[in-house]
Amino acid sequence: MLNEYRLAGENHVRFSVDVRDPSNPAFRIFRLGYAIGDRPDLPLIDINAGACATNLPELLPAPQAHQENEIELICESSTFKVRINGKYLLWNGSEILQVNPRGLDDVAAYPVLGEVGFQVLPAEQLDIRNYEIRNYRDPQEALFDSRDYNVFAQAGGIGIDGNCLAVHGGEDGRTIVRDPSRGSLPVLRRKFRAQREVTGAKIYITARGIYELHVNGEKIGSDWFNPGSSDYRYTIEYSAYDISEQIRTGDNTLTVTLAPGWWADMMSFMKTNTNFYGDRPSLLCKMVLDYSDGSSQTLVSSPGSWEVHTGGPRKNGSFFQGERYDARDELSLTDESRWGPATVVMPLERNAQPQLVSKPDEPVRVFEVLESTLIGEARPGSDSWIYDMGVNMVGVPELTFDGREDQEIVIRTAEVLYPPREEYLERDIDGLLMTENLREAMSTDVYTCREGLQKFTPRFTFHGYRYIQISGTHGPIPAANVKGIVLSSIAGLTGTVSTSNPLLNQLADNIHRSQIGNFLSIPTDCPQRNERMGWLESVTEFARTSCFSSDVQKFYEHYLRIVRDSQVTEEILSSKTDAIGFYGPGSRLFKGDVVTGMYPSYAPAYDAYRSWGTPWSSAGVLLPFEVYSHYGTTSVIEQSFESMLTYLEAMEGLRMRGAKSISIDGGVCGDWLSLDKPPHSYTDASIYVYMLGCFAKMAAAIGEDEVASIYQSRHAVAKEEWNELYIDPGTGSFRDDLTLVNVSQSSCSLALHFDLPLEKYSASIFEALCEKVAEGYAGRPYCITTGLFTTPMISLVLSDHGRSDLAYRMIENTAFPSWLYPVTQGATSSWERWDSYTAEDGFGGNNAMNSFNHFSLGAVGAWLFNRVAGIDRDAGSAGMQHFVLHPVPGGSLTHASAAVMTDYGRIQVQWTRDDEGRAWHCRLRIPANMSARIELPWAPHSAHTSVPADVSVVDDKNRQFQVPSGSWHLSVDQELLVIEKSPEKFTA
């Protein structure tokens with residue numbers, strides 16, 4: 001296979017220690033096959049006292065040069081550190097030795113450990129003792145040690161004696177390399193006997209890692225990746241399964257396959273987070289059998305009664321890297337000689353006392369199965385075949401094909417193909433998979449065949465992709481045999497919206513697709529690259545849309561526990577954990593850089609506790625508020641109340657410079673990816689003021705009246721100061737001071753959506769917003785310039801202030817940047833950036849920092865539900881039992897419809913209007929025990945109102961009506977506004 005430099009063949013990194021002249025030792029790194037220009041005889045890095053500033057002579061003094069020396073090579077993906085006799089080797093003052101030709105961050109990983117070995121010059125001998133490969137972090141499990149030296153046994157010129165290796169150079173020198181891989185994913189087995197008739201059986205099970213459970217050969221449940229993500233130090237969730245039908249009288253067998261999951265392996269974009277919690281998965285379970293005579297039996301995961309098998313077909317399963325499966329070893333599980341006693345895996349002390357809780361949310365399950373289309377061979381004669389799944393999906397492939405013994409199939413995935421642009425045509429990579437944005441996630445599955453018909457579905461990984469390349473099949477697999485298994489924590493869509501504009505419908509589909517794919521145990525930013533993290537800002541901005549699209553109450557309950565577990569505590573600050581983060585001294589966060597009570601930027605936090613700013617940390621308050629507002633449940637407040645209070649009290653100590661009542665979590669990102677870039681302090685301050693009001697409402701909802709009163713007062717005072725800081729009383733608009741605030745789509749939308757300006761100033765700020773909307777971006781009117789945090793606000797603000805016409809001009813705009821521009825470029829999911837791809841600039845140089853499946857910019861979906869279709873929450877009452885219907889027809893639309901499932905039933909609405917917009921008709925279904933306030937302020941004042949007796953007129957001037965449950969027909973023209981019972985059945 002070719003790498004991104006179009007190179008194939010041998011590739012390696014070779015480390016050379018040269019002590020032929022003991023007074024001038026040299027340490028050299030050679031690289032071959034990675035990039036154009038690599039040569040086996042030319043060092044990539046040459047460290048010696050004559051060539052660079054180094055401490056090598058101190059680490060290898062002349063008397064020690066020919067004695068025993070300890071050398072450690074510490075790989076952090078793209079770089080190495082070298083430790084000689086316990087001290088780091090320095091090269092021009094740095095410990096970092098970069099071997100990746102692409103750079104350090106946001107790039108594909110080089111090197112990847114494939115084979116290891118030794119090279120010895122002619123007539124020389126290399127004696128090695130305790131040659132080991134260990135995991136990066138504690139507890140640093142040995143992946144290769146003296147137990148595995150037999151892989152070198154068939155090589156000539158090497159002697160093996162216990163933990164010692166002797167490599168002889170012979171006459172011509174000698175190079176020996178071997179694959180150090182051993183074992184497979186562990187499979188645990190418990191055999192037991194049911195002595196009597198079983199009337200009931202239940203198993204309670206969890207893992208450090210993820211698991212798949214079988215009872216007597218039958219897979220239990222349709223779940224994937226249980227127990228799901230959590231901060232394993234504090235909480236591990238367990239599941240309970242009824243296995244009564246699988247248990248039989250007599251002999252029975254439980255088998256559990258374990259994989260790293262969210263416990264071990266790579267996680268987040270920080271290379272040093274590999275194996276953050278531990279490096280070996282383990283199982284905890286209890287099974288209770290109820291017998292017909294009234295007795296019961298309990299079986300637990302005690303070591304003496306369980307066996308382990310580490311030679312099965314699933315060799316490895318990694319979320320980032322993919323899965324490796326060897327079908328030749330399927331029968332090994334039936335070989336009793338391959339099973340041995342299981343052992344207890346002891347976690348690190350800091351991970352040893354988590355709370356076990358019942359899993360509250362839906363597990364990851366199959367959402368749908370997609371069919372593929374064969375595009376063709378990647379390049380003539382390559383035997384690499386590219387398929388299109390039709391949409392940007394999240395999940396795994398399912399392949400069915402005929403194979404031959406030992407045949408190796410390699411499966412790679414990508415979201416997009418390189419377009420036929422000059423820069424890619426010159427490199428002959430047009431039409432091939434664009435994998436640069438996967439960065440350190442290899443996203444590759446490897447399958448080794450047995451003889452005959454094969455069926456392969458990876459079980460312990462997932463990929464984000466539209467395109468799949470399958471190599472080594474000796475011809476294409478029929479497209480009908482290449483399927484896509486879509487995985488999600490979303491059980492199904494409970495809200496849909498449709499219009500007469502097919503581009504808007506595709507946008508709505510893209511929003512759904514990104515929610516389905518990224519709501520996978522936690523709300524991830526993206527599903528494909530080496531990140532897949534729960535960024536808190538993204539969750540907050542998309543929360544409203546997600547609640548209308550699907551039932552996410554329990555999903556967020558699960559995630560908010562992780563958020564609380566990630567909150568900074570005194571224990572964390574006093575620990576000696578080497579907390580890695582983006583900012584702080586030397587890019588490491590030590591005590592003093594964070595404040596007790598603060599929320600991080602993402603959860604789980606992996607010890608990176610410094611927030612990127614208030615848009616991120618505020619999610620600990622704003623996400624519970626969104627869930628409470630939509631579902632009306634106070635439990636979400638009660639669960640997080642003390643945590644929220646701790647955070648807000650911590651914020652009291654972070655006053656913004658020059659402010660008396662406004663605090664900011666002074667991050668560095670503000671309204672992330674905005675094109676109009678409002679000052680970060682303004683964004684942070686505005687969120688803080690709004691957050692105080694939200695918390696006051698939540699405190700009141702659970703009867704915490706004293707706390708509610710305090711925060712209502714703080715909100716009022718902070719709002720007053722906000723106006724003093726940012727508003728010029730003379731103009732009624734923002735002050736002319738760009739260090740404070742700029743007049744932009746983002747700044748105006750943020751202020752108005754949070755109801756921050758005093759009433760006398762709102763009109764001026766809204767007028768400024770309208771001007772900025774009309775101005776657009778780079779000479780293109782009605783284009784959007786907001787960032788991730790303010791994108792969901794701008795359309796709602798325009799409609800709430802009577803300018804839905806502008807909101808429609810923006811939403812139906814197809815120029816860059818706009819919501820529909822990606823749709824015109826073939827997008828099937830929401831993009832991370834407004835300019836993830838443009839016809840003019842391609843990927844704009846952001847090939848690596850680019851995701852084509854990010855739900856954030858899809859937060860406009862709330863406006864489609866709330867204003868186009870009109871189904872909305874009532875700000876005056878939490879939950880949807882009483883809702884608002886305020887559809888606003890506009891733009892090119894001649895009809896729209898939506899359906900939203902609630903706890904009481906399905907709300908449905910369909911409206912149409914004629915081409916001239918003179919007549920509007922709407923059908924509405926309000927489920928039993930629900931009611932709605934209908935608001936039609938755009939209806940002509942000349943129209944006479946006609947409503948039945950059970951419909952009350954709340955405000956005839958503003959066309960507001962209170963309507964009970966039932967099916968209704970609404971119509972508006974120049975002469976009449978009618979609300980009447982509808983006898984028709986609703987078919988939406």
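**Ground rules.** I work on a predicted model, where local features need pLDDT of at least 70, side-chain atom pairs count only at pLDDT 80 or more, and totals for chains, interfaces and linings use all residues. Residues are numbered from 1 along each chain as its sequence is written, and side-chain values use heavy atoms, with hydrogens and water left out.

**Entry 1: S744.** I looked up where S744 sits. It lies in the loop between strand 42 (733-734) and helix 13 (745-753). Helices (H or I, at least four residues) and strands (E, at least two) are DSSP runs, numbered from the N terminus. Is S744 buried or exposed? S744 is buried, at 3% relative accessible area. Buried means under 20% relative accessible area, exposed over 50%, and partly exposed in between (1.4 Å probe, protein chains only). I then checked its neighbours. Leaving out residues up to four places away in sequence, S744 touches D676, P678 and K772; contact means heavy atoms within 4.5 Å. The side chain of S744 also makes a polar contact of 3.0 Å with that of S747. A polar contact is a pair of N or O atoms within 3.5 Å; within protein, one must be able to donate a hydrogen and the other to accept it, and residues adjacent in sequence count only if both atoms are side-chain atoms.

**Entry 2: helix 13.** I went on to the helix after that loop. Eight of the nine residues of helix 13 are buried, so the rest of the structure largely encloses it. Among the buried ones are S747, C748 and L750. D755 follows helix 13 and has a positive phi, near 55°.

**Entry 3: salt bridges.** I searched the whole structure and found 58 salt bridges. A salt bridge is a side-chain nitrogen of Lys or Arg within 4 Å of a carboxyl oxygen of Asp or Glu.

- E531 and R529 meet at 2.7 Å, N to O. E531 is buried at 5% relative accessibility, and R529 is buried at 0%.
- E557 and K554 meet at 3.1 Å, N to O. They are three residues apart in helix 6 (residues 553-565), so about one helical turn separates them. K554 is partly exposed at 42%.
- R421 and E423 meet at 3.3 Å, N to O. E423 is partly exposed at 37%.
- D18, R20, R28 and D46 are linked in a network of salt bridges.

Entry 4: I turned to the cavities. The structure holds seven of 30 Å³ or more. On a 1 Å grid over the protein atoms alone, a cavity is a set of points where a 1.4 Å probe fits but cannot get out; lining residues have an atom within 4 Å of a point. The largest cavity has about 160 Å³ of space. Its lining has 19 residues, with W262, F320, E531, R532 and Y606 nearest the centre.

Note on methods: 1 Å grid on protein atoms, 1.4 Å probe; cavity = no way out; pocket = protein on both sides within 12 Å on 5 of 7 lines; lining within 4 Å. Points joined across faces, edges and corners; volume = space filled by probe spheres on them.
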